[in-house]
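Hi there,

Here is the structure I promised to pass along. Have a look at it first, and then read on for my notes.

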Amino acid sequence: MLKDLFSKKKKYATIPSEQAKQDVPEGIMTKCPKCKKIMYTKELVKNLRVCISCGYHHPMSAPERIACLLDEGTFQEYDRHLLSKNPLDFPQYIEKVEEDREKTKLNEAVVTGEGMINGFPIVIAVMDSRFRMGSMGSVVGEKIARAIERAMEKSVPFIIFTASGGARMQEGVLSLMQMAKTSAALKLFSEQGGLIISVMTHPTTGGVSASFASLGDYNFAEPGALIGFAGRRVIEQTVREELPEDFQTAEFLLKHGQLDAVIPRHELKDVLTNVLDIHQSRGGDEWHTN
Amino acid sequence: MAYELEFEKPLVELRKKISELKEFTKHRDVDFSDEINKLEARLEKLENDIYANLGPWDRVQIARHPNRPTTLDYIERLFTNFFECHGDRCFGDDEAIVGGIAKYYGLPVTVIGHQRGKDTKENIRRNFGMPHPEGYRKALRLMKQAEKFGRPIICFIDTKGAYPGKAAEERGQSEAIARNLFEMAGLTVPVVCIVIGEGGSGGALALGVGNYVHMLENSTYSVISPEGAAAILWKDASLAKKAAETMKITAKDLKQLGIIDEVIPEVRGGAHRNVDEQAKYIDDVLKRSLRELLPLHAEQLIAQRYEKYKKIGDFIDSEQHVSVM
């Protein structure tokens, strides 16, 4: 029979050899945790780390965020020299911090500095969730408070990008007090008429959401970001009921009055520019002659 | 026009006749142009007669016209760079009130207003422009923000009233309205309020304590809807027309009572007939109001606002034997 000439080839599952595995260097491809699509990391980065197929906003590192938001060459970093101590002698704390320092090339979980957004001068603080889950210890609190003081001296707006699991457990109550310190700095700044813009990114929880993240004159968030005070599991176990699916997402918070707007990453620079522009304008002469 | 009001019926009939005649001449070899011209002249006269003699009830109908321009229609035409801000930072985001920051001829301003829907779906989302407490609290939050940054505030008023519902009561509808009246009285920046549609009671006033309050010619402003008044006074909501006539709710009436500052003229037949043109009429008055208020200091603004409301009220002072108004 003619059919026999084209015998069906049996299908086998192929297990890549060790050699083949090494052909694809780590990190060249990224899998979207939401739609499970696998794409080139390069393409994803070019798209501001927004999934090309489903729009999921992947976390961004602080240096990446600064590079894509600020005008080229305008960023000047503050306080790179501040380093964490181990005030409670918490076992292995310093080792872990050092590990993250090595991994991220940052001194702590927040990068602060000054720069320009489309020509508008600002002081900015950007948290980085790769560093101890963006948790806030003494150094994070101090860096943010100092950045706010610089914004006050310079009379320029203060913008903060939050990404944090909350207070840093290893520094105990000292971490808790950073909430008060940063909030007090914002109060002084606000009393002087300073403009505060908070952009909450995934995740913004615990002590960070309960302090500076929520204190903006404008509170924005990225789509899908997890934002809340207590963790979902803690709440479910306390109230013993199942929570809605969108519980503690940016969209949930918008509906519940906590946010001014949810802004996709691609539109963020334009929105910030517009807000900065409106706040800097005084109107033409026609308004001020009488 | 898809939606004609009752008092416009004679106009509709006449227009229909004219178009029929026109159609007829097109297809037949008869010349009716004389008749058409005559009818058109009659239509013009009739339009003038009808629109120049609108009664209060007719104006209520215009103010409630489904196509009447809303806050967002005017924001789009009067301002640039508008950015909407959501939420009261406490409970929710009430879409029956919209607010945000914008520029008005380059001047940074805060704009707030009641927002009705354009269709059923939007009306459900916006609760037919009837706010809950969180709507008023959002408005107040934005006013306080405007105060912090020294921006004038412009409020557009267009609501049947604050929403009468269980949830609204639970969250303190009265407190929310009261708080706004209290705080608006002390705002250190200029506040200009414009009634663009229905000004329904406390729900309207909660955005309405301003240095200047203006009304569009066919808008209304009253303590209760004509239907509500009829139901309370005469136990019959169908007497709404009579209530509208008795209660002094038109712009002209309120001007006479010394409650509003200016009546902003409307496009003939109502604002919905030409929104762009209507926005220009508002623009003229708004620009003039802001020019007058901007040079005033915080204390002057607060004092002017207090004087304005202190003067309102009519009574006999029996010790002085004179009537004060």
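**Two domains in chain A**

Domain 1 and domain 2 of chain A bury about 740 Å² between them, with 54% of that area on carbon and sulfur atoms. On the domain 1 side, Leu48(A), Arg49(A) and His57(A) lose the most area to domain 2, and together they account for 71% of what that side buries. Do keep in mind as you read that this is a predicted model.

As for the bounds, domain 1 covers residues 25–58 of chain A and domain 2 covers residues 60–279. Their C-alpha centres lie 24 Å apart. Across the boundary, 7 residues of domain 1 are in contact with 8 residues of domain 2.

There is also an annotation to go with this part of the chain: an unreviewed UniProt entry lists residues 32–54 of chain A as "zinc finger region: C4-type". In the model, the end C-alpha atoms of residues 32–54 of chain A lie 9 Å apart, and the span is 26% helix and 13% strand.

**Two helix pairs**

Staying with chain A, helix α6 (residues 138–154) packs against helix α7 (residues 172–191) at an angle of about 5 degrees, and their axes are 9 Å apart. Angles under 35 degrees count as roughly parallel, so α6(A) and α7(A) fall into that class. On the α6(A) side the contact includes Ile144(A), Ala145(A) and Ile148(A), while Leu186(A), Leu188(A) and Phe189(A) are among the residues that α7(A) brings to it. By class, the residues of this contact divide into 10 nonpolar, 4 polar and 2 charged.

The axes of helix α4 (residues 71–78) and helix α13 (residues 275–293) of chain B come within 10 Å and cross at roughly 75 degrees. The contact of α4(B) with α13(B) has 5 nonpolar, 1 polar and 4 charged residues.

**Between the chains**

Finally, how many residues of each chain are in contact with the other? The count is 30 residues of chain B and 32 residues of chain A. The two chains bury about 2500 Å² between them, 52% of it on carbon and sulfur atoms. Phe83(B), Arg89(B) and Lys148(B) supply 27% of the area that chain B buries against chain A, more than any other three residues.

Best wishes

Note on methods. Residues are numbered from 1 along each chain as its sequence is written. Chains are lettered from A and ligands numbered from 1 in the order in which they are written. This is a predicted model: local features need pLDDT of at least 70, side-chain atom pairs count only at pLDDT 80 or more; totals for chains, interfaces and linings use all residues. Side-chain values use heavy atoms; hydrogens and water are left out. UniProt positions are given in the numbering used here, feature names are shortened, and annotations may be inferred rather than shown by experiment. Helices (H or I, at least four residues) and strands (E, at least two) are DSSP runs, numbered from the N terminus. Axes are lines fitted to C-alpha atoms, for helices over the stretch in contact, and angles run from 0 to 180 degrees between N-to-C directions. Ala, Val, Leu, Ile, Met, Phe, Trp, Tyr, Cys and Pro count as nonpolar, Asp, Glu, Lys and Arg as charged, and the others, Gly among them, as polar. Domain bounds come from an automatic or database domain assignment. Contact means heavy atoms within 4.5 Å. Buried area is the accessible area (1.4 Å probe) that two parts lose on being put together, summed over both. Angles under 35 degrees count as roughly parallel, over 145 as roughly antiparallel, 65 to 115 as roughly perpendicular and the rest as oblique.
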